[in-house]
Amino acid sequence: MDFFIQLLVGGISVGFLYGLSAMGFVMIFKSSSVLNFAHGELLAIGAYFFLAFIVWAKLPFLLAFLLALVGCFLLGIMIERIFLRPLIGEPLIFVIMLTVGLAAMFKGIILLIWGGNLHTYPNFLPETLGINWGVVRIPPVYSATLVIGMLFLLLFGLFFKFSSQGIYMRSVADNQRAALSLGVHVKRVFALSWAIAALVAGMSGMVLGIINGVNVHDLSAIGLKVFPVVILGGLDSIGGAIIGGIIIGLLETFTGGYLSPSLRDVVPYVILVLILLLKPYGLFGLKEIERV
Amino acid sequence: MENLLLQLNNISVVYSDVIQVLKGVSLSVQKNRIVSLLGSNGAGKTTTLKAISGLLKPENGKVTDGTILYQGRELQNQAPETITRNGIIQVLEGRQPFKYLTIEENLRVGTATRWGKPYRSDLEKVYHYFPALWKRRRGLAGYCSGGELQMLVMGRALMAHPELLLLDEPSLGLAPLVVIEIFRIIRRINEEEGTTIILVEQNARMALQIAHHGYVMENGKIVMEGSADILRDNPDIREFYLGMSAAGNIKSYADVKSYRRRKRWL
């Protein structure tokens with residue numbers, strides 16, 4: 001039973017990370033219909049930013065965390081400004097190929113600076129963060145992940161629901177022409193969605209780096225997991241991305257725990273195929289509102 | 001003529017560098033007036049509105065000739081972000097709500113041109129003009145009826161404090177009673193807010209009832225203009241748009257000889 005609960009908590013917290021980074025992916029897709037193949041690299045960049053701040057600059061970890069987030073946010077804006085804005089109006093496939101190129105470029109830069117070895121963060125999480133209720137023992141990383149995950153989710157939920165800028169972003173995703181006619185700054189919305197996507201992806205990368213260590217190949221491979229997550233949740237549903245992430249996270253840890261660690265990367269895809277057979281648009285995919 | 005708000009001087013619009021839609025359109029709009037733009041499908045009415053609001057750009061259209069003067073400034077081929085911030089808001093044809101946003105969120109998108117400024121009193125103003133929206137303000141726009149949606153998109157435009165409101169076929173696909181209601185509100189907005197309105201309509205009878213001035217377009221050109229009263233009494237307008245013979249009785253379509261039906265002002 002305690003093993004089960006440990007797997008459950010581990011799965012949910014990893015799932016939160018998958019979900020959050022998938023949320024960034026979905027945001028870019030919703031606002032500009034671009035599939036971002038460089039998402040895994042954004043995760044890795046977040047982790048390496050954090051590494052640079054905490055190991056090289058020796059900053060306290062909270063400050064390093066915040067600075068790394070700011071760095072990711074700015075990087076997202078820069079990607080949109082420098083690479084994507086000139087391609088507005090070009091066929092979508094150009095933009096998608098561009099993201100493939102970006103992925104190669106970012107990976108190359110990281111390998112150039114840090115090399116392909118595994119790096120680890122110094123252990124900075126206090127042991128008191130861990131939960132120790134008799135049989136249930138949860139390592140501090142996982143409880144921290146849960147808290148951070150929920151915090152981000154809440155923050156972005158509130159942002160999209162209530163803030164004007166969040167509503168403008170949703171309006172662009174909903175009907176770009178109408179948003180334009182009302183003077184919504186559509187390019188600014190694109191930039192902001194890239195910035196937020198890079199921020200949440202970077203955040204997930206940092207936490208995954210704390211859990212597994214920092215390695216560019218592993219982290220960009222985790223970025224690939226965004227695809228089963230968003231396909232499961234529905235490509236255009238932010239809530240679906242979170243739930244899809246948690247489902248994939250749970251499937252992975254339970255397969256790893258009960259069946260075999262070598263199967264953990266396979267079973268989620270098998271379940272994915274089954275779900276798609278039943279619900280081709282994903283669990284929460286777009287159901288167009290039809291007025292009858 | 002210091003009351004002049006908008007002036008189009010001989011503008012030509014070309015889509016994708018090859019398709020010429022407007023061939024030298026000139027019109028002028030006085031402040032606080034309702035100007036109606038009439039004409040059959042494909043005459044270039046919507047394109048004229050889009051040339052003014054800058055929405056040609058995303059559709060690969062361009063003003064290739066002529067000038068659009070708004071309050072003395074040239075506006076042709078500017079980005080819609082700039083033009084809307086000068087107080088020109090277009091309400092698109094076919095309503096175009098944000099389906100997955102609630103009514104109130106839809107209205108809040110109208111504040112995009114003045115992000116960060118208070119908007120509560122504007123919401124109240126919109127609910128005052130369109131009480132039907134108040135009841136549904138928490139519901140998704142995708143589930144509203146056509147009449148409610150028309151009110152919603154007009155209210156959304158009002159949230160931006162437009163100086164010049166471009167309305168593209170507000171009566172499209174609405175029941176006659178709803179059309180009357182919508183037109184009554186358009187007139188009230190013009191009178192109470194002092195908003196200048198350019199109204200594109202197929203429903204010439206309604207449009208000429210509330211407009212002060214009218215233009216008739218055909219094949220990308222203005223073929224006739226005049227005050228609404230004069231246009232209403234023009235025998236050609238009566239025949240082609242209001243469906244009456246010169247004598248004033250309603251004409252049967254069968255009576256119109258086909259060669260006469262075809263011949264307009266070409």
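Two residues count as in contact here if their C-beta atoms, placed from the backbone, lie within 7 Å. By that criterion, 28 residues of chain B are in contact with 17 residues of chain A. I will come back to that interface after the two chains.

First, the conventions. This is a predicted model, in which local features need pLDDT of at least 70 and side-chain atom pairs count only at pLDDT 80 or more, while totals for chains, interfaces and linings use all residues. Residues are numbered from 1 along each chain as its sequence is written, and chains are lettered from A and ligands numbered from 1 in the order in which they are written.

Chain A, then. Its secondary structure comes to twelve helices and two strands; helices (H or I, at least four residues) and strands (E, at least two) are DSSP runs, numbered from the N terminus. Read from the N terminus on, the elements go α-α-α-α-β-β-α-α-α-α-α-α-α-α. The radius of gyration of chain A is 19 Å, close to the 19 Å that the globule rule gives for 292 residues, so chain A is as compact as a globular protein of that length. That radius is taken over C-alpha atoms, and the rule is 2.2 Å times the number of residues to the power 0.38. Along the principal axes, the C-alpha atoms of chain A fill a box of roughly 60 × 50 × 35 Å. Of the 292 residues in chain A, 47% are buried. The cut-offs are these: a residue is buried if 20 or more other C-beta atoms lie within 10 Å of its own, exposed if 12 or fewer, and partly exposed in between, with C-beta atoms placed from the backbone. Among contacts in chain A between residues at least 6 apart in sequence, 74% join residues at least 24 apart.

Chain B has eleven helices and ten strands. For its 266 residues a compact globule would have a radius of gyration near 18 Å, and the 19 Å of chain B agrees with that. The box for its C-alpha atoms, again along the principal axes, is roughly 55 × 40 × 35 Å. Buried residues make up 43% of chain B. Of the contacts in chain B between residues at least 6 apart in sequence, 68% join residues at least 24 apart.

Now the strands of chain B. Two strands pair if DSSP finds at least two bridges between them. Which strands form the open sheet, and in what order? There are six, in the order β6-β7-β8-β3-β9-β10 of chain B, with mixed pairing. The edge strands, each pairing on one side only, are β6 (88-91) and β10 (221-227) of chain B. Neighbouring strands of this sheet are turned by 15° against each other on average, direction ignored; the axes are lines fitted to C-alpha atoms, for helices over the stretch in contact, and angles run from 0 to 180 degrees between N-to-C directions.

β1(B) pairs antiparallel with β2 (residues 19-30) of chain B over nine bridges, with B:Ile11 partnered by B:Val25. The two form a hairpin with three residues between them, and B:Ser16 in the turn has a positive phi of about 50°. Eight bridges also join β1(B) to β4 (residues 61-70) of chain B, antiparallel. Here B:Ser12 has B:Asp65 as its bridge partner, and B:Gln7 stands opposite B:Leu69. B:Leu69 also stands opposite B:Glu74 in β5(B). β4(B) and β5 (residues 73-74) of chain B are antiparallel and joined by two bridges. In their hairpin, which has two residues between the strands, B:Gln71 takes a positive phi near 50°.

Back to the interface. On the side of chain B that touches chain A, the elements giving two or more residues are α2 (80-85), β6 and α3 (103-109) of chain B. α2(B) gives the most, with four residues. That side divides into 14 nonpolar, eight polar and six charged residues; Ala, Val, Leu, Ile, Met, Phe, Trp, Tyr, Cys and Pro count as nonpolar, Asp, Glu, Lys and Arg as charged, and the others, Gly among them, as polar.

Last, the core. A nonpolar core is a set of buried Ala, Val, Leu, Ile, Met, Phe, Trp, Tyr and Cys residues joined through C-beta atoms within 7 Å. The largest has 155 residues, and those with the most contacts inside it are A:Val184 and B:Leu199. Helix α8 (residues 186-212) of chain A gives the largest share of this core, 18 residues. Leaving aside neighbours within four places in sequence, the contacts of A:Val184 include A:Tyr168, A:Val172, B:Val109 and B:Ala112.
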